[in-house]
Amino acid sequence: MRLIIVGASALGTHLARGQIRQGHEVVLIERDEELARDLAEELDCTVINAEGTRPDILEKAGIEAADAVVACTNHDQDNILIGLIAREAGIEKTIIKTDDEKFTQVAKKLGFTYLINPPHISSTIITDALRDVDTIQLSNLVRADVRFISFLAGERHKGKRIHELPIPEKTEFIGLYRKKDFILASENPKLEEGDELIIITRSEHVNRIYEKLQEM
């Protein structure tokens, strides 16, 4: 796999090391000259010292031949911009890091599905630990090609019952988050704009689900 990582943050650097160890081809883009130089000496990958939000730099990194782009700079707006450039270039898998929940919601509304919000994930794990909930136990439930995904309902979904939504075979709605509440799919709730649907499926159906729900 050919992977472009934009931003040598702690996450970006750790990810690059892991992907290189797994034998993947990695191109790392970092705007800080000294950091880029140090990483170029340390990592067995291409390191480009440049601004990763520039389309010409992403072209230089070979975005047209990339299998995935990970935008993990320390600026949420930059990461979303990188995601938009990657999508325009036809990259199927673009992963965006946001630290501010408001930008996470912006990215969702723009149709991005692979989002990571480290503060939210960390606080959730800590909260679960304080409640003696074993998050690792839940993660162990996700095996083989089973995938849990979420989808943000928009204006066009408003008023429809959850069971009226089109989904592929071997896919089920679990429920939805509405503000601080969670409603089970078995209650067949009527959708409101901003509801976050939780879906379980097989990996092969993930793209079809988003296509079907976005086409409504």
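A residue counts as buried under 20% relative accessible area, as exposed over 50%, and as partly exposed in between. In this predicted model, Glu51 has a relative accessible area of 24%, so Glu51 is partly exposed.

Glu51 forms a salt bridge with Arg31, and the closest N and O atoms are 3.4 Å apart. Arg31 sits in the loop between β2 and α2, while Glu51 sits in the loop between β3 (46–49) and α3 (55–60), so the pair ties together parts that are 20 residues apart in sequence. With a relative accessible area of 40%, Arg31 is partly exposed.

The structure holds 9 salt bridges. One of them links Glu42 with Arg17, with 2.8 Å between the closest N and O atoms. Because Glu42 belongs to helix α2 (residues 33–42) and Arg17 to helix α1 (residues 10–21), the pair ties together parts that are 25 residues apart in sequence. Glu42 is partly exposed at a relative accessible area of 44%, and Arg17 is partly exposed at 32% relative accessibility. Another salt bridge joins the side chains of Asp56 and Arg54, at 2.6 Å from N to O. Asp56 has a relative accessible area of 38% and is partly exposed; Arg54, with 42%, is partly exposed. Salt bridges with shared partners also connect Arg31, Glu51 and Asp78 into one network.

Glu30 is a charged residue in another setting. Glu30 is buried and has no salt bridge. The nearest side chain of opposite charge is that of Arg31, 5.7 Å away. A salt bridge requires a side-chain nitrogen of Lys or Arg within 4 Å of a carboxyl oxygen of Asp or Glu. What does the side chain of Glu30 reach at 2.7 Å? That side chain reaches the backbone nitrogen of Ala8. Beyond its neighbours within four places in sequence, Glu30 is in contact with Gly7, Ala8, Leu35, Ala36, Ile48, Asn49 and Ala50.

Glu30 belongs to strand β2 (residues 25–30). Of the 6 residues of β2, 5 are buried, so the strand is largely enclosed by the rest of the structure. Strand β1 (residues 2–6) is joined to β2 by 5 bridges, and the two run parallel. In this pairing, Ile4 stands opposite Val27 of β2.

The partner of β7 is strand β10 (residues 196–202), joined to β7 by 7 bridges in an antiparallel run. Here Leu152 stands opposite Glu196 of β10.

Is Leu176 buried or exposed? Its relative accessibility is 0%, so Leu176 counts as buried. Setting aside neighbours within four places in sequence, the contacts of Leu176 include Ile162, Phe182, Ile183, Leu191, Glu196 and Leu197.

Technical notes
Residues are numbered from 1 along each chain as its sequence is written. This is a predicted model: local features need pLDDT of at least 70, side-chain atom pairs count only at pLDDT 80 or more; totals for chains, interfaces and linings use all residues. Side-chain values use heavy atoms; hydrogens and water are left out. Helices (H or I, at least four residues) and strands (E, at least two) are DSSP runs, numbered from the N terminus. Buried means under 20% relative accessible area, exposed over 50%, partly exposed in between (1.4 Å probe, protein chains only). Lys and Arg count as positive and Asp and Glu as negative; His and the chain ends are not counted. A polar contact is a pair of N or O atoms within 3.5 Å; within protein, one must be able to donate a hydrogen and the other to accept it, and residues adjacent in sequence count only if both atoms are side-chain atoms. Contact means heavy atoms within 4.5 Å. Two strands pair if DSSP finds at least two bridges between them.
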